[in-house]
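Okay, thanks for coming, everyone. Have a look at the chain on the screen, and I'll walk you through a few spots in it.

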Amino acid sequence: MSNAGWKKTACNICYVNCGVEVLVEEDRIVKVRGDRDNPKSRGYLCNKAARIPFYAHHRDRLTTPLRRRPDGGFDAIDWDTAIAEIAARLRDVVDRHGGKSIALYGGGGQGNHAGGAYATGFLRALGSRHVFNALSQEKTGDFWVNGHLFGSQTCHTAEDVHHCDLLFVIGANPWIAHGFPNARDHLNQIRKDPARKLIVIDPRRTETAEMADLHLAVRPGADAFLLGAILATLVRRDALDHDFLTERTMGLSEVTEALLRIPVAQWAAAADISLEQIERCADMISEARAMTVRVELGIQQGVNSTLNSYLEKLLIMLTGSFGRPGTNQLHSWLMPLWGNSPNQQFSATGTEVIGGLLPPNILPQAVLNDHPDRLRAVWIDSSNPANTAANTAEVEKALAALDLCVVVDVAMTETARLAHYVLPASSQYEKTEFTLFNFEFPKNFFHVRAGVVPSLQGTLPEPEIYTRLARALGLLPGDNALAPLREAAFHSRPAFAQALRAFMGANPQSSAVGALVLYHTLGATLPDGTAAAAPLWQAAQACARRSPDAVRRALGPDGSVADADLGGALFDAIVGTRSGAAITEHSYEDVWSLVSHPDRKVHLAITPLLEWLGRLDPAATRTPNDYPFVLAAGQRRMFNANQIFRDPAWRREDPDGALLISTRDLKELGASDGDWIAVRSPAGGRVVVRCKTDDSLRQGQLALPHGYGQSYPTRDGERLSNGPRVNALTDSGNCDPIAATPYHKHVTVRLERLPESEAAVFEERSRRIHGA
């Protein structure tokens, strides 16, 4: 690998994963710019991506395996010792309690998915399919709805923002959080075009809401009431697309009957939105030629989250805003990022498994209860549940109670400090990576990135970690057994395919670790050292079988190959470019081929959700007197990101992760802007934060950011917390009844002023952690 110059890669801060170029000098990333050759982002760069060097190079990186001592400290050990001891302890857990007593937490962080194929395969080889991750803390209610509407939980909607004339944003702030390619460019285009409109539903007057033609400042926790009132108004007006509904859907009558029972005026009052605003919203929807709906965690982690996702989809479907330019669509996959698991349960807690995933909210119960199938070991890869899962105290208790906890990460996270073993991974810019967030339509893209700087000495990329473990456990054949496969791979792709089929037929026990087999055979033939992308070969074959015409269009002139070779051509296109490649290019009519119901129709009536709609009580929107504030826990801001960014110096603004509060609320508390105050919640948590006035919030509404709460070494070596651990306030029981998604956007709290002496302690900690 050359150690200098501009290298092509991708941003790892949000799931759009824009293509970027990084300037490398003396094996360090020193500058970042947008990659104009990237076919999806085309040179776009936001302020956060420019700060990538603070992720890649900081003093909290791990460089040796660690083993925890009985006193809670850690000893550095060599890799051979770590692998041997971990393998022995894993084998003991499996022998005593079975493979199902083990779970994986993670298997891929933001822009860090190459390791996921190896981690999940390793878990399955041990006899378990139990997986927790961030998706199941945010999105599984939406997946559950999609499974009923479209026939599979892997069906997932995308937004055609650049062709719409009405963008309807619900519980999202794409100016800050992005969520679709080149978000700020598209928002500016809509703002400047008099023929295009923007509606925003959000309690706060966000940066996106400031640009809106209509901002509906909904009462926190009342999104379902507002969406229901809007839908009921459209039904009463008969402002529905009947031709679309007749041709493409079923179950309309059950839905409209339920919506007509909604008392619109009462629900509008519960949402604190005037009837005039609801009527104007309905007018704008009716006048739109093409509406696309963009949603995010504001409703997916809000009260009634699964019901919210259903009402959002009904808004799309009843207006016919689907399958046309400028509307919502389904998208293709190279390989689905989650699975389809209808009617499955996790026996230890009775929780529904959605998308093949378990919700982090149940992790403490899954470990601490006395069920015979409770978890005894958790393997944590590129995740930090001690900070990110609800109810920090209970999560820490559960992690400490495990027979075995192993963490694979780049830094000494809060979760790593509770583990029995910590294994140092190479960073996302030191190894081959790719991203499975491929949500575009009609043209979808995939991006394989080679490492751009050498791996930090002492670290290993995930495929090497799982290779060593799999061989120590006897799950993966040695190099000699794999040599014929490797020789076939160098000969030709068809020869390799034939040899792989024969190998798997003779070694069926190797199927679970198939990713590792591909890594050590086909991977040796891949350009730029991208061996870790080898498992995509099977995904490319499957994609070509599912959507051959769309793959041919995406490949362009290279798509004129025989059907038998189409998957190979797609794979070569993916691994052969460093700026990303198109994988499918659909026509809009193809949307209906992506619906999984045999009749290719959208099944609108979901009985449990219609019953839930009928049970909604406006009185539930009131806050309790003893906890009168509603906290949005985990707000996205200009300089916060996921837990992988630990160096406090990367934040140009808001170094302490301030609590946003209205001027009036702060004045009534008797505090001033910049003061330190305590936040308490019914879960028993207490967090001390710096407060900052922000009158874009409603009175009674508060906001704290995500991505803080990490301990980080000061210049003199002491570790101090960098901002609030917001999940010390959240309660795993405050969650969706179907998906167990936490209601992080609606945490009731109270505020308390601090004594001057305690405030002075926090002021000094802030000064030291930020090097002032």
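This is a predicted model: local features need pLDDT of at least 70, side-chain atom pairs count only at pLDDT 80 or more; totals for chains, interfaces and linings use all residues.

Let's start with Phe-503, which sits in helix α21, residues 493–506. Residues are numbered from 1 along each chain as its sequence is written, and side-chain values use heavy atoms, with hydrogens and water left out.

Is Phe-503 buried or exposed? Its relative accessible area is 10%, so Phe-503 is buried; buried means under 20%, exposed over 50% and partly exposed in between, with a 1.4 Å probe and protein chains only. Setting aside residues up to four places away in sequence, Phe-503 touches Pro-477, Ala-481, Leu-482, Leu-485, Ser-510 and Val-517, where contact means heavy atoms within 4.5 Å. For a sense of scale, take Leu-659, which is 156 residues from Phe-503 along the chain: their C-alpha atoms are separated by 58 Å.

Now, helix packing. Two packed helices are described by the angle between their axes and the distance between the axes. Axes are lines fitted to C-alpha atoms, for helices over the stretch in contact, and angles run from 0 to 180 degrees between N-to-C directions.

First pair on my list: helix α9, residues 223–237, and helix α13, residues 275–287, pack at about 60 degrees with their axes 10 Å apart. So α9 and α13 are oblique to each other; under 35 degrees would be roughly parallel, over 145 roughly antiparallel, 65 to 115 roughly perpendicular, and the rest is oblique. Their crossing is right-handed, which is the call if the near helix is turned clockwise from the far one by less than a right angle, with anticlockwise being left-handed.

Who makes that contact? From α9 we get Leu-226, Ala-229, Ile-230, Thr-233, Leu-234 and Arg-237, and from α13 Ile-278, Glu-279, Cys-281, Ala-282, Asp-283, Ile-285 and Ser-286. That splits into eight nonpolar, two polar and three charged residues. For the record, Ala, Val, Leu, Ile, Met, Phe, Trp, Tyr, Cys and Pro count as nonpolar, Asp, Glu, Lys and Arg as charged, and the others, Gly among them, as polar.

Let me zoom in on Leu-234 in α9. With 1% relative accessibility, Leu-234 counts as buried. Leu-234 and Ala-282 are 48 residues apart in sequence, but their C-alpha atoms are 6.3 Å apart in space. Beyond four places in sequence, the contacts of Leu-234 include Ala-239, Leu-240, Leu-315 and Thr-319.

The other pair is helix α23, residues 536–546, with helix α25, residues 563–575: about 130 degrees, axes 8 Å apart. That makes α23 oblique to α25, and the crossing is right-handed. On the α23 side we have Leu-536, Trp-537, Ala-540, Gln-541, Cys-543 and Ala-544, meeting Leu-566, Gly-567, Gly-568, Leu-570, Phe-571 and Ile-574 in α25. Here it's nine nonpolar, three polar and no charged.

Okay, aromatics. How many aromatic pairs does the structure hold? There are 24, counting rings of Phe, Tyr and Trp (its six-membered ring) with centres within 6.5 Å, where planes under 30 degrees apart are stacked, over 60 edge-to-face and the rest tilted. Take Tyr-15 and Phe-437: ring centres 5.3 Å apart, planes at 45 degrees, so that pair is tilted. Tyr-15 is in the loop between β1 (5–10) and β2 (19–25), and Phe-437 in the loop between β20 (433–434) and β21 (443–446), so the pair ties together parts 422 residues apart in sequence. Both are buried. Tyr-15 and Phe-437 also belong to one aromatic cluster with Phe-143, Trp-333, Trp-338 and Phe-439.

Last stop, the backbone. That loop between β20 and β21 also holds Pro-442, and the peptide bond from Phe-441 to Pro-442 is cis, with omega near 10 degrees. Then there's Arg-42, which isn't a glycine but has a positive phi of about 50 degrees. Arg-42 lies in the loop between β3 (28–34) and α1 (53–56), and at 60% relative accessibility it counts as exposed.

Conventions
Helices (H or I, at least four residues) and strands (E, at least two) are DSSP runs, numbered from the N terminus.
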